[in-house]
Amino acid sequence: MDILDAIGNTPLVRLRKIVPANGADVLVKLESQNPTGSVKDRMARAVISRAEIDGRLKRGDTVIEYTGGSTGTSLALVCAARGYPLRIVSSDAFSREQLDHMPALGAELTLVPSEGGRTTKKLILDMIEAARALSREPHTYWTDQLNNHDSIAGYHSLGEEIWNQSGGKIDAFVHCVGTAASLRGVATALERHKPGIEIVAVEPAESPVLLGGSPGPHKIEGVGIGYVPPLWDAALVDEIEAVKTDDAKEMARRLAREEALFAGTSSGANVIAALRVAERLGPDARVVTLIADSGLKYLSTDVYRSK
């Protein structure tokens, strides 16, 4: 067994205190228990291993990616384990812990300046173009997460784990959209077992593009890129919930204090949306969402930093 074998098989636990009195059960998959503390470990392993198998990635190549942090950290883990140099394009919009974690695992970092530390469509596009420029150099492989279908397959196992751990008792799956790969991969796996299961996407209320609204700046790291991601499949989704950044941050703090679950802001958004669905579906149903990453990645931010 090596470190990459430690990815997956994370616990599924029931929320106890913050659920509505007459609502459905809400279970959360603790993806924060993956090696880098993030669900993104699954996609990083998939995109590297699949590119190795079909020859897109060869020994001596340098891997290139743009990322807010979790994908880059997960790629850094996989590249360190597999022996590939990694060059990451990121930004000051993302937490110090994320920006420190990637080079700690051997990645070379290039930072693109943001507008006041917020995620915007312009920032994402600037990061993509910076990565594109690096990918034109010889002996590189650009994982290009927003367009890489290999990442979807990386999340099929997550859907299978949810199905098995819930004993097949699941009525709705709720999750934030960044690249849309994790929602799509899990939804595809669950739909195989239970056609018609309710799939609910979550996005920042400040940038409700999936709902047909205008893009805007927000501070839910890793999601809400400001335009509909190329991997988005509207046919798989039954409902879209918009969650405000401040509400997501407060829910992350509540999860720590009341449920002993230490998570990031997107996980707070996930849980808010899951509680809405739980209240709507009622006491005979079961809703599953993800604790997508660990709160340890956000200790320097205003989610957890002491005033």
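This is a predicted model: local features need pLDDT of at least 70, side-chain atom pairs count only at pLDDT 80 or more; totals for chains, interfaces and linings use all residues.
Local features were taken only at pLDDT of at least 70, and side-chain atom pairs only at pLDDT 80 or more, while totals for chains, interfaces and linings use all residues. Residues are numbered from 1 along each chain as its sequence is written, and side-chain values use heavy atoms, with hydrogens and water left out. Helices (H or I, at least four residues) and strands (E, at least two) are DSSP runs, numbered from the N terminus.

Helix H1 spans residues 40–53 and helix H2 residues 70–82. Their axes lie 8 Å apart and meet at an angle of about 45°. Axes are lines fitted to C-alpha atoms, for helices over the stretch in contact; angles run from 0 to 180 degrees between N-to-C directions. H1 is therefore oblique to H2. Angles under 35 degrees count as roughly parallel, over 145 as roughly antiparallel, 65 to 115 as roughly perpendicular, and the rest as oblique. The crossing of H1 and H2 is right-handed. In this convention the near helix is turned clockwise from the far one in a right-handed crossing, and anticlockwise by less than a right angle in a left-handed one. On the H1 side, the contact (heavy atoms within 4.5 Å) involves Lys40, Asp41, Met43, Ala44, Arg45, Val47, Ile48, Ser49 and Glu52. These residues meet Ser70, Thr71, Ser74, Leu75, Leu77, Val78, Cys79 and Arg82 of H2. By class, the contact of H1 with H2 has eight nonpolar, four polar and five charged residues. Ala, Val, Leu, Ile, Met, Phe, Trp, Tyr, Cys and Pro count as nonpolar, Asp, Glu, Lys and Arg as charged, and the others, Gly among them, as polar.

Met43 belongs to helix H1. With a relative accessible area of 4%, Met43 is buried. Buried means under 20% relative accessible area, exposed over 50%, and partly exposed in between (1.4 Å probe, protein chains only). Leaving aside neighbours within four places in sequence, Met43 is in contact with Thr71, Gln145, Ser151 and Tyr155. Met43 and Thr71 are 28 residues apart along the chain, and their C-alpha atoms are separated by 8.1 Å.

H2 also packs against helix H3 (residues 96–104), at an angle of about 20° and with the axes 8 Å apart. H2 is therefore roughly parallel to H3. The crossing of H2 and H3 is left-handed. Ser70, Gly72, Thr73 and Ala76 of H2 meet Gln98, His101 and Met102 of H3. This contact comprises two nonpolar, five polar and no charged residues.

Helix H6 covers residues 156–165, and its axis comes within 7 Å of that of H7, crossing at roughly 45°. H6 is therefore oblique to H7. The crossing of H6 and H7 is right-handed. His156, Leu158, Gly159, Glu160, Ile162 and Trp163 of H6 make the contact with Gly185, Val186, Thr188, Ala189, Leu190, Arg192 and His193 of H7. The contact of H6 with H7 has six nonpolar, five polar and two charged residues.

Arg184 also lies in helix H7. At 21% relative accessibility, Arg184 counts as partly exposed. Arg184 touches His149, Ile152, Leu231, Asp233 and Leu236, not counting residues up to four places away in sequence. Arg184 and Gly159 are 25 residues apart in sequence and 9.7 Å apart in space, C-alpha to C-alpha.

The model has two aromatic pairs. Rings of Phe, Tyr and Trp (its six-membered ring) pair if their centres lie within 6.5 Å; planes under 30 degrees apart count as stacked, over 60 as edge-to-face and the rest as tilted. One of the pairs, Tyr66 with Trp142, is edge-to-face, at 6.1 Å centre to centre and 70° between the planes. Tyr66 lies in strand E3 (residues 62–66) and Trp142 in strand E6 (residues 140–142), 76 residues apart, so the pair links distant parts of the chain. Tyr66 is buried at 3% relative accessibility, and Trp142 is buried at 17%.

Backbone phi was also examined. Most residues other than glycine have a negative phi. Asp144 has a positive phi, near 45°. Asp144 sits in the loop between E6 and helix H5 (150–153) and is buried at 16% relative accessibility. Ala180 has a positive phi of about 85°. Ala180 lies in the loop between strand E7 (172–176) and helix H7 (181–193). Its relative accessible area is 5%, so Ala180 is buried.
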